[in-house]
Each structure stands twice: as C-alpha cells, then as structure tokens.
Amino acid sequence: MTGRFSCAALDYGSTLTRPGSPVDPGLDMRRITPAAIEVIHELHEAGMNLVLASNTRHGQDRREALRRAGVLEWFTATLQSATLGVAKPDPLFYRFVLAAADVAPSRVLFVGDNMTKDVLGPLEHGMRAALIAPDATPLPPGAETIPDITHLPNLIRTWR
C-alpha cells in the first residue's frame, strides 16, 4: 500500500478524533474514533512508519489516548508540542517530524485538519500533505483534500 510514502505523520485533534464529540474527562481530550483506529491499524499492517505530530497543552499527553485506543505501540514517535517546547507551525517542529520519520521528506505524508499547520508547514519542508476537510479545498501542489481519515489509505495507494 505504501507506494510513494513510507511515513504518515498524523495530527490528533479533528484528525484522529471527531470534531464536536465530548471530551473524555479521564483523558482531558477527545477519544480516538473507531474509524481512525482501523486506519491506523491498516497503515501499520502495510508497513508504514507512524508519527503522531500534535500541538498540546502543558500537562496533556496524547500517548494515553493512543494507549487506550490500543495503537500506541504502532507509533514510532509521539511528537507533542508541550513536551518538545515548540509547536506547529514553527519550522523546528517539522524538523522533529522529519528526524522521527528518518526518510526523505517526499516520502512523508503529513495528515491534519489545519491549512497552515498541517499543509503549508509540511510542504515548506518538502513533505506532502493531506488536509481533512468536508469539502474539496483548493490546495497548493503536493497536497490533497480528503473528507475524513477513512479516505487516507486509498489516497496513499493512489497518490502519484
């Protein structure tokens, strides 16, 4: 399945979670959706390197949500802004992503829901990007729109 890409860098909020769903008080964040868990599993089984790339608040730890979803061990890195001391769209954050990916930038697909943080920033660093947006959004070269995370495996299979 991986074809052009060997690493998927995944944002958390509104990428692995459902916008507007309730915050789990035990996590202090929204839970990962069952659909996102299935996609993460499919990407892992296909041999993709998975990196979590998320802006977080002080004290917030996305690893617990990944652990509860049963997918933490499939991520080779969990990059969280509060831990790193730098947040998207700071260029240093994307350099951390590339270091964790350990492949050429063109082999990394950055997936998220924010044009500036998850599309323009990664493109400036040579990565490709997938914007999760309900409607097709005009994007610069090197980026595609998908309506939700369930469309990610097909995008990876068909991207040329």
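1. Strand β5 (residues 128-132) is joined to β6 by 4 bridges, the two strands running parallel, and within this pair A130 stands opposite E144 of β6. Strands here are DSSP runs of E with at least two residues, helices are runs of H or I with at least four, both numbered from the N terminus, and two strands pair if DSSP finds at least two bridges between them.

2. As to provenance, this is a predicted model, in which local features need pLDDT of at least 70 and side-chain atom pairs count only at pLDDT 80 or more, while totals for chains, interfaces and linings use all residues. Residues are numbered from 1 along each chain as its sequence is written, and side-chain values use heavy atoms, with hydrogens and water left out.

3. The open sheet is formed by 6 strands with parallel pairing, in the order β3-β2-β1-β4-β5-β6. Because β3 (75-80) and β6 (143-146) stand at the edges with a single partner strand each, one side of each is left without a neighbour in the sheet.

4. Helix α2 (residues 62-69) packs on the sheet and touches β2 (49-54) and β3, its direction making about 145° with that of β3; contact means heavy atoms within 4.5 Å, and angles run from 0 to 180 degrees between N-to-C directions of axes fitted to C-alpha atoms, for helices over the stretch in contact. Helix α5 (residues 115-124) also packs on the sheet, touching β4 (108-112), β5 and β6, at about 165° to the direction of β5.

5. For the chain overall, there are 6 helices and 6 strands, and the C-alpha trace spans about 40 × 30 × 30 Å along its principal axes.
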